Amino acid sequence: MRQNSSKKLLFPIPFPKFLHHSLKQILFTLLLLLLIQCGVPKGEFGWTTTKMEEMDILEQHIQTITDYKMMRDDLIFSPTDTIHYVYQFSRNPGLETDFHISLNRYELDFVEIDIKKKRVEPDTLAIRDEFSLLRTGEYLIKIVYEGDTVDEVKFRVLPVEGYTQENLEQELAGDQTDEIIKYSR
């Protein structure tokens with residue numbers, strides 16, 4: 001007599017209805033949290049300035065900027081400033097994620113004048129860079145990921161002596177190559 005030792009022991013376990021409903025709610029909540037966390041996080045801009053032209057080459061290379069003022073409104077700099085910025089992410093966007101930093105200057109509209117490819121620093125979850133020798137005018141920095149703007153901020157570079165109506169008109173006229181626009185101001 002042979003005994004069948006390969007019997008399947010599948011016992012359907014009854015799942016109480018109240019646990020079934022709770023499990024659905026928990027799974028829905030986890031899925032929602034996962035979707036909320038997807039995408040590139042936003043962050044905050046921080047700023048500081050130095051006078052790089054007053055430093056010798058060795059000082060420029062060993063200089064480490066650590067103190068930034070976190071702000072995004074009423075940003076005004078001098079043309080003699082080297083503008084250092086940091087973009088501090090609220091959470092980790094991924095260390096292998098490539099961001100493009102676009103610097104735009106206002107002409108008749110914002111025109112891209114510089115673009116850099118950056119990655120997040122692993123220890124600080126931030127992007128750092130600097131701009132120097134900027135002409136007077138209005139600027140816009142954009143943090144871009146895969147063609148989508150993550151964040152942006154505007155700032156102005158004013159002459160050392162400040163703006164007067166006379167030097168504002170000279171600057172606007174001097175920037176124009178179109179004769180009609182240049183002399184119509």
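Helices (H or I, at least four residues) and strands (E, at least two) are taken here as DSSP runs, numbered from the N terminus. In this predicted model, the chain then reads α-β-α-β-β-β-β-β-β-β-β-α-α from its N terminus, which comes to 4 helices and 9 strands.

The chain has 185 residues, and 29% of them count as buried. Its accessible surface is about 13500 Å², with 57% of that area belonging to carbon and sulfur atoms. Where contacts join residues at least 6 apart in sequence, 64% of them link residues at least 24 apart.

The largest nonpolar core holds 22 residues, among which Trp47, Leu134, Ile141 and Phe155 touch the most other members. At least two residues of this core come from each of β1 (43-50), β4 (82-89), β5 (98-106), β7 (126-131), β8 (137-145) and β9 (148-157).

Turning to strand pairing, 4 strands form an open sheet in the order β2-β1-β4-β7, and the pairing is antiparallel. The edges of this sheet are β2 (69-70) and β7, each of which pairs on one side only. Between β4 and β7, which run antiparallel, there are 6 bridges.

Technical notes
Residues are numbered from 1 along each chain as its sequence is written. This is a predicted model: local features need pLDDT of at least 70, side-chain atom pairs count only at pLDDT 80 or more; totals for chains, interfaces and linings use all residues. Side-chain values use heavy atoms; hydrogens and water are left out. Buried means under 20% relative accessible area, exposed over 50%, partly exposed in between (1.4 Å probe, protein chains only). Contact means heavy atoms within 4.5 Å. Accessible areas come from the Shrake-Rupley method with a 1.4 Å probe; for residues, only the protein chains shown count as cover. A nonpolar core is a set of buried Ala, Val, Leu, Ile, Met, Phe, Trp, Tyr and Cys residues joined through side-chain atoms within 4.5 Å. Two strands pair if DSSP finds at least two bridges between them.
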